[in-house]
Amino acid sequence: MEHYGLWGIIPPLLTILLAFLTKDVVVSLFLGILSGAMIIAGGNPFIALMKLTDLLAGSLADGWNIRIFLFCGLLGGLVGMLTKTGAAGSFGRWASSRLKNGRGSQLMTLVFGILIFIDDYFNSLSVGTVMRPICDKTKVSRAKLAYILDSTAAPVCILAPISSWVVTVMSIVRDAHGFNKLGMSEFTFFIRAIPYNLYAITTLLMVFSVIIFRRDFGPMKASEDLAQTGVLYNEKKYGAVTGNVPEVEISRAKPFDMLFPIIVLVVSAVVFFPVTTWLHAIDNKNILSLDQAVRSMTLGAAFNNTDSSVALCYAIILTIFATYVYYLARKLMTLQESGEALRDGIKSMVPALIILTMAWSIGTIIKSPRSDGGLGLGLYLSEVVKAGGFPLGLLPAILFVLSAVISFATGTSWGTFGIMIPIAMPIVTGLSEANGLSQNALVNITMISIAGVLSGAVFGDHSSPISDTTILSSTGASCPHLEHVATQMPYAVFVATCSFAGYLVGGIFQNPIICWAVNLSVFTAGLIFLPKLVKQATTTPQAAGHVAL
């Protein structure tokens with residue numbers, strides 16, 4: 001038998017339970033991996049520790065994984081250079097000089113947040129630092145600023161085709177049991193799954209709607225009304241501000257200095273996706289040159305069959321080099337400062353890299369069959385669901401709720417990806433086979449289901465009080481953390497409700513159009529009626545807080 005049966009469920013269940021209790025996803029993942037190693041080792045702790053060590057080392061020995069690891073680390077280095085030069089601040093000051101009212105400053109914060117899609121931490125802090133003085137001047141509450149920052153962090157990063165979030169998802173999806181049945185590359189799967197990511201897209205739609213149509217309700221409406229009296233945050237009710245990030249003033253930095261590395265990264269990645277496929281096609285037998293490789297396949301096939309880890313690694317190294325030279329030529333950094341910026345940026349990615357390595361390891365031990373030293377949980381779950389007659393149409397909604405609960409409790413989406421995707425993929429592909437679905441239907445229901453995992457994970461990352469991006473958004477906006485959590489929560493829960501309705505009905509009909517029709521119907525009804533139904537929290541102009549100048 002190629003699996004350990006029900007024993008294989010212990011590592012993910014233990015990880016989830018410990019994550020709830022400890023709120024530490026790294027320790028939880030480590031102990032989850034150790035429990036799996038103990039099962040394989042027959043209870044021998046010494047063999048289990050050796051197995052665990054081999055798993056962690058093996059995760060980084062894989063060519064794909066180590067390139068993704070390097071991409072994430074170097075992306076942190078690029079963000080470090082952007083931070084050090086103050087390029088983002090220069091772009092923000094240029095844009096904000098054209099703003100005259102609160103609606104304009106909120107829209108600019110939204111646009112600026114979408115532009116900085118490469119890293120959620122950098123987004124929250126840099127955009128907050130740039131836009132806070134402008135929002136203060138136009139009497140936008142710090143709570144509203146923090147909400148926009150938070151809503152353009154994780155929700156934007158999970159939608160951008162080039163970010164550390166994307167490569168993390170691709171690496172976990174690629175190794176999940178059953179993915180090979182879809183007949184596409186992990187990058188193609190991610191791109192095609194973007195329209196199914198209801199929570200992330202609807203969150204951006206929610207931000208845009210409350211800005212344009214001014215449909216604030218609940219605690220956020222109270223904070224916004226208070227801001228119009230000149231009091232930008234309610235220190236008396238919610239406590240002191242989380243922090244105040246000083247703005248980096250670099251007189252030489254220009255708006256284009258922020259756009260340059262982003263443009264280089266995107267363009268080089270787009271170029272390297274097909275080029276990587278063409279280079280790998282040269283076999284010195286039938287295809288002898290790059291020109292022959294280009295003529296041997298269509299551009300679409302070259303994109304679909306690419307090794308995205310190689311292409312992204314090439315792109316980030318080229319971008320680091322080009323940005324390094326460009327900033328030195330512009331005299332925005334000295335040699336010493338550039339080295340410090342790269343080091344500090346890479347250092348900031350260490351916690352995420354640890355979680356990523358742990359996620360790879362627990363995914364390997366869960367997925368691999370017994371003959372390859374794993375628990376074979378994917379095989380077991382596939383067998384169980386095929387025989388159990390579980391309703392396939394309910395999977396997207398169930399996976400969304402489970403992922404949302406785990407992510408909210410742990411405050412991390414990456415850890416949730418690592419736990420839930422290896423479980424979800426074999427279940428949905430196994431049920432699809434048991435129901436005799438066509439290849440197209442199999443792909444559709446798998447995308448909706450995995451997108452449900454991604455959406456649920458992003459909800460927790462977006463709304464959890466212990467999430468890094470929630471805390472950093474409070475910090476970037478200089479808003480009391482509890483005020484940010486209290487004002488944002490009704491909006492996040494509302495969007496999650498819309499997403500759940502979409503996944504529930506869309507999963508039953510296995511149709512993305514119905515999925516979005518239901519989601520948008522609930523969303524529209526909520527925007528119309530919630531501001532009238534939800535009673536605004538009581539505030540007084542005398543509430544203590546920062547006063548707009």
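**Close-up views of a predicted model**

View 1. F494 belongs to helix α26, whereas F523 belongs to helix α27 (residues 512–533). The pair thus links distant parts of the chain, 29 residues apart.

View 2. The structure holds 14 aromatic pairs. One of them joins Y147 and Y491 in an edge-to-face arrangement, at 5.1 Å centre to centre and with 80° between the planes. Y147 has a relative accessible area of 1% and is buried. Y491 also counts as buried, because its relative accessibility of 1% falls under the 20% cut-off.

**View 3. An aromatic cluster.** Four residues are shown here: F256, F260, Y326 and Y327. Together they form one aromatic cluster.

**View 4. An arginine over a tyrosine ring.** R370 is placed over the face of Y4. The distance from R370 to the ring centre of Y4 is 4.0 Å.

**View 5. Crossing of helices α3 and α20.** Helix α3 (residues 45–61) packs against helix α20 (residues 350–367), with 9 Å between the axes and an angle of about 110°. The two helices are therefore roughly perpendicular, because an angle from 65 to 115 degrees is counted in that class. On the α3 side, the contact is made by L55, L56, S59 and L60. The α20 side contributes T357, M358, W360, S361, T364 and I365.

**View 6. The largest nonpolar core.** The largest nonpolar core of the model has 147 residues. C72, M131, M206 and F417 are the residues with the most contacts inside this core. Among the contributing elements, helix α24 (residues 439–463) gives the most, with 12 residues. In soluble globular proteins, nonpolar side chains tend to be buried together.

Technical notes
Residues are numbered from 1 along each chain as its sequence is written. This is a predicted model: local features need pLDDT of at least 70, side-chain atom pairs count only at pLDDT 80 or more; totals for chains, interfaces and linings use all residues. Side-chain values use heavy atoms; hydrogens and water are left out. A nonpolar core is a set of buried Ala, Val, Leu, Ile, Met, Phe, Trp, Tyr and Cys residues joined through side-chain atoms within 4.5 Å. Buried means under 20% relative accessible area, exposed over 50%, partly exposed in between (1.4 Å probe, protein chains only). Helices (H or I, at least four residues) and strands (E, at least two) are DSSP runs, numbered from the N terminus. Rings of Phe, Tyr and Trp (its six-membered ring) pair if their centres lie within 6.5 Å; planes under 30 degrees apart count as stacked, over 60 as edge-to-face and the rest as tilted. A charge sits over a ring if NZ of Lys or CZ of Arg is within 6 Å of the ring centre and within 35 degrees of the ring normal. Axes are lines fitted to C-alpha atoms, for helices over the stretch in contact, and angles run from 0 to 180 degrees between N-to-C directions. Angles under 35 degrees count as roughly parallel, over 145 as roughly antiparallel, 65 to 115 as roughly perpendicular and the rest as oblique. Contact means heavy atoms within 4.5 Å.
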